[in-house]
Amino acid sequence: MKIVAVCGSPRKGNTEFMLKRILTQAEKSEISTDLILLRNQRIEFCDGCLSCDSSSVCNKRDDMQMICSKLEDADLIIFGSPTYFDNVTGMMKNFIDRLEFLLSQDKLKEKRIAFVAVGQDSNKSIESTIGFFEKFANIASMIVVGDLSLIAKDYQDIESDDEKIAKIDEFTKNIIN
Ligand SMILES: Cc1cc2nc3c(=O)[nH]c(=O)nc-3n(C[C@H](O)[C@H](O)[C@H](O)COP(=O)(O)O)c2cc1C
């Protein structure tokens, strides 16, 4: 089994910690893992040409080709994002826009996906972020196997909270089984 996680935070904070914790726990079950930090990737904006709908090719040459091939190979994909204004970060949204290339070929269809999101305010705000991810999964005809929302504001809020770490570990067990 192979898990590919994609982190949409611009900083080394809570979302990255959650995803790393999930992947470290999964590795204990002999699962191979890969973490893609979007902040370290070169991903241009979708320019809306829609040529991928007819030619199945994206004209842009950046890190999306490498990322898309990893997503195609994955048995389980995990998307993680902080909540910014009740939604995913711009970085994550830009990445998702560029996935039209894969969706147009049904390449993610029936693949399993899970979501994690953090936010400082309230579960309602974070649920809105998860809601956006769910809409994407629905459009892509993917199978959602779970989601986890945690409240956190500063860089290490989750890392320093044993109860939240226990929730991440429980979540991991559920999505890998
Ligand atoms: C521009 C911006 C907008 C934000 N908007 C929200 C929001 O709408 N709701 C919320 O709960 N938290 C909001 N936050 C707080 C972040 O979600 C929170 O700090 C989170 O822990 C960041 O995750 P990270 O450590 O993985 O980067 C916002 C933060 C920033 C920088």
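1. Seven of the seven residues of β3 are buried, so the strand is largely enclosed by the rest of the structure.

2. A word on what you're looking at: this is a predicted model, where local features need pLDDT of at least 70, side-chain atom pairs count only at pLDDT 80 or more, and totals for chains, interfaces and linings use all residues. Residues are numbered from 1 along each chain as its sequence is written. Strands (E, at least two residues) and helices (H or I, at least four) are DSSP runs, numbered from the N terminus.

3. Now the sheet. Five strands make an open sheet with parallel pairing, in the order β2-β1-β3-β4-β5. At the edges stand β2 (32–37) and β5 (143–151), each with a single partner strand, so one side of each has no neighbour in the sheet. From one strand to the next, the twist averages 15°. Two strands pair here if DSSP finds at least two bridges between them.

4. Back to β3 and its partners. Strand β1 (residues 2–7) pairs with β3 (residues 76–82) in the parallel sense over five bridges. I3 stands opposite L76, and V4 has I77 as its bridge partner. Seven bridges join β3 to β4, also running parallel, with P82 opposite V118.

5. What surrounds the ligand? The shell holds seven nonpolar, eight polar and four charged residues. (Ala, Val, Leu, Ile, Met, Phe, Trp, Tyr, Cys and Pro count as nonpolar, Asp, Glu, Lys and Arg as charged, and the others, Gly among them, as polar.) G13, T15, P82, G119 and D121 come nearest of the 19 residues around the ligand; a residue is near if its C-beta atom, placed from the backbone, lies within 6 Å. α1 (14–27), β4 and α6 (123–139) each supply at least two residues of the shell.

6. Last, have a look at E110, in the loop between α5 (100–103) and β4. Is E110 buried or exposed? It counts as exposed, with 9 C-beta neighbours inside 10 Å. The C-alpha atoms of E110 and M142 are separated by 4.5 Å, though the two residues are 32 apart along the chain.

Terms used. Axes are lines fitted to C-alpha atoms, for helices over the stretch in contact, and angles run from 0 to 180 degrees between N-to-C directions. A residue is buried if 20 or more other C-beta atoms lie within 10 Å of its own, exposed if 12 or fewer, and partly exposed in between; C-beta atoms are placed from the backbone.
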